[in-house]
Amino acid sequence: MNTDFYLTNASASGKTEYIVFFQKIRPSKKSGVTQFSMIKNCPYRWGHKIKVCWDLSFRLVTRSGVMTSVHFLKTIYTLQKKRYLISKDGIITVQQSYKSGNQVVDFDQIKGNEFVAVQLYRGDILIEEAYFQGQYLHFEVGTIIRIGFDVPKSTVNNSVTKHPRTILDIDLVGLKSIYLTICGDSSKGNMIIIDTILKW
């Protein structure tokens, strides 16, 4: 499943700011955000559509660095009994739950020790990689997608900063479409407002 964001620029401020769709990852990780999409140029009265998936999937990583095929997790609100993944490299159980705005995924390597890590994806985007602590691995992934402004640096590759200014936090699960508008002027600066939210 996914949520479609429709963004229209109604601001006449003339500022050159990028619009960034991102997610903060676990506090235990040092890197700050996972970026899903960026709008580099949205002139006055123009619109853009951004699609953000909210389904999670994963790949197991072996000691030799080989990754398994993609395994899809159930929808966010599904409380799943243990699922068994059986291969020549061992047996892994996967259990899902949902608590306090987080998708919780627990991995337990009950036979063998060939798997060393799990890569977690939201849609096609790698959002986190973690290593087994003994036989066990625990993920808590928030469902909040953040939308913010990022001012381009004056560098050759025109890269953006690694910590966008958060403007909106949206729990996207269960939402089909969100219509957003950039408002503002040169004296007050820009802001993003939500016009309409449609649910599945």
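How many of the residues of strand β9 (residues 102-111) are buried? In this predicted model, 7 of the 10 residues of β9 are buried, and the strand is accordingly described as mostly covered.

The pairing of β9 was examined towards each of two strands. With β8 (residues 90-99), β9 pairs in the antiparallel sense over 9 bridges. The two strands form a hairpin with 2 residues between them, and S100, located in the turn, has a positive phi of about 50°.

When neighbours within four places in sequence are left aside, N102 is in contact with S97, E140, V141 and G142. For N102 and V141, a separation of 39 residues in sequence corresponds to a C-alpha to C-alpha distance of 5.2 Å in space.

A further element of the strand architecture is an open sheet of 4 strands, in which the order is β6-β5-β10-β11 and the pairing is antiparallel. Strands β6 (71-72) and β11 (125-131) stand at the edges of this sheet, and because each has a single partner strand, one side of each is left without a neighbour in the sheet. Strand β10 (residues 115-122) and β11 run antiparallel and are joined by 6 bridges; within this pairing, Q119 has E129 of β11 as its bridge partner.

Aromatic pairing was examined over the whole structure, and the search finds 4 aromatic pairs. One of them is formed by Y6 and Y179, whose rings are stacked, with 4.7 Å from centre to centre and 10° between the planes; the arrangement counts as stacked because the angle is under 30 degrees. This pair links distant parts of the chain, given that Y6 is in strand β1 (residues 2-9) and Y179 in strand β15 (residues 175-185), 173 residues apart. Both tyrosines fall into the intermediate class of accessibility: Y6 is partly exposed at a relative accessible area of 25%, and Y179 likewise counts as partly exposed at 32%. Ring pairs also link F58, F107 and F139 into a cluster.

A search of the whole structure finds 0 disulfides. With a relative accessible area of 12%, C42 is buried, whereas C53 is partly exposed, with a relative accessible area of 31%. The two assignments are separated by the 20% cut-off, because C42 falls under that value while C53 lies between 20% and 50%.

Definitions and conventions
Residues numbered from 1 in each chain as written. Predicted model: local features only at pLDDT ≥ 70, side-chain atom pairs only at ≥ 80, totals over all residues. Heavy atoms only, no water. Buried < 20%, exposed > 50% of the residue type's maximum accessible area, 1.4 Å probe, protein only. Pairing = 2+ DSSP bridges. Disulfide = S-S within 2.5 Å. Phe/Tyr/Trp six-rings, centres within 6.5 Å; stacked < 30°, edge-to-face > 60°. Contact = heavy atoms within 4.5 Å.
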